[in-house]
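Welcome, and please have your viewer ready. We will go from one selection to the next.

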Amino acid sequence: MCRDVGRKTEELIAASRGDFLAASQSLAGATRVGLITGFFVPRGDVAAPETDGPVGTALLAAGLASCGVPARIAVDTPCAGAVRVAVEAAGGGVTIDEVGVDDRPGLDRLLGTWRNAGISHVIAIERCGRSGDGRPRNMRGVDVSPWTAPLDDLFLGGSWTKLAVGDGGNEIGMGKLPAGLIARTVPNGGQIACVTSCDHLVVAGVSNWGAYGLLAALAVLRADWQPRIAKFLTAERDLAVTRAAVDGAGAVDGVTARREATVDGFGPEIHGPLIDELGRIAWGQGAD
């Protein structure tokens with residue numbers, strides 16, 4: 001799942017080598033997990049959350065919950081519908097904490113809730129973070145702050161272990177890498193590079209894949225979790241959750257901006273084989 005898909009991110013993947021193992025080993029000892037996701041796409045006549053992020057986050061959260069690790073997802077209002085539908089399609093059992101874009105008191109209350117809940121690990125997955133000028137920007141360099149709550153503050157606000165999954169350079173956690181490195185790999189890199197750092201960073205070809213990679217690794221590291229986790233790693237389940245986010249919440253592909261069950265421009269013919277391969281790894285069958 002750590003492979004370039006045409007975005008020239010080989011350098012980012014190479015620079016984060018070793019972090020996937022560290023993230024997986026740390027997460028294997030988690031007691032309570034908070035997840036943060038949601039990336040809004042405002043483009044032309046399209047204004048909707050994207051499919052990358054909510055789908056992988058929902059399945060990872062549901063997998064953790066099935067293993068007895070309480071999980072909750074923080075998301076801002078513009079992307080909340082996609083997360084709710086994805087969580088329901090993934091199997092439920094996960095708390096959703098919705099925050100308004102400009103609701104600073106609500107964000108402060110949520111931070112207190114997470115601290116009081118004893119969250120041990122926080123994972124940001126495909127969540128747009130602050131760039132050098134303090135603004136969250138998409139891959140085109142567009143300021144998306146009107147649709148993006150400052151959930152970086154939640155990510156950074158506790159003593160929990162901070163994990164992050166991204167695929168381009170503008171997501172929370174990418175601040176662990178040099179901004180100049182991001183500038184060499186994506187358009188407008190000097191403007192979009194996220195400055196919010198993390199403890200362990202996973203750079204995947206598609207962010208949902210990073211979430212699935214963590215699930216597969218947990219099944220390998222925790223034999224007692226294997227049968228519960230592996231059932232979430234199938235092409236059919238991924239496609240069902242993606243379709244639910246599109247049909248039930250109007251989510252769109254973040255690359256094409258089309259309301260269809262694709263992620264980052266790729267359909268099930270690309271995602272399916274990779275997810276099934278991770279599923280085989282989870283079951284201890286090895287990779288092709």
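Start by selecting tryptophan 160, which at 4% relative accessibility counts as buried (buried means under 20% relative accessible area, exposed over 50%, partly exposed in between, with a 1.4 Å probe and protein chains only). Before going on, note that this is a predicted model, where local features need pLDDT of at least 70, side-chain atom pairs count only at pLDDT 80 or more, and totals for chains, interfaces and linings use all residues. Residues are numbered from 1 along each chain as its sequence is written, and side-chain values use heavy atoms, with hydrogens and water left out.

For the stacked one, select phenylalanine 40 and tryptophan 147: 6.0 Å centre to centre, with 15° between the planes. Colour by accessibility and phenylalanine 40 counts as buried at 9%, while tryptophan 147 is partly exposed at 28%.

Last stop: pick tryptophan 225 and look for arginine 222, which lies over the ring face at 4.1 Å from the ring centre (a charge sits over a ring if NZ of Lys or CZ of Arg is within 6 Å of the ring centre and within 35 degrees of the ring normal).

Terms used. Rings of Phe, Tyr and Trp (its six-membered ring) pair if their centres lie within 6.5 Å; planes under 30 degrees apart count as stacked, over 60 as edge-to-face and the rest as tilted.
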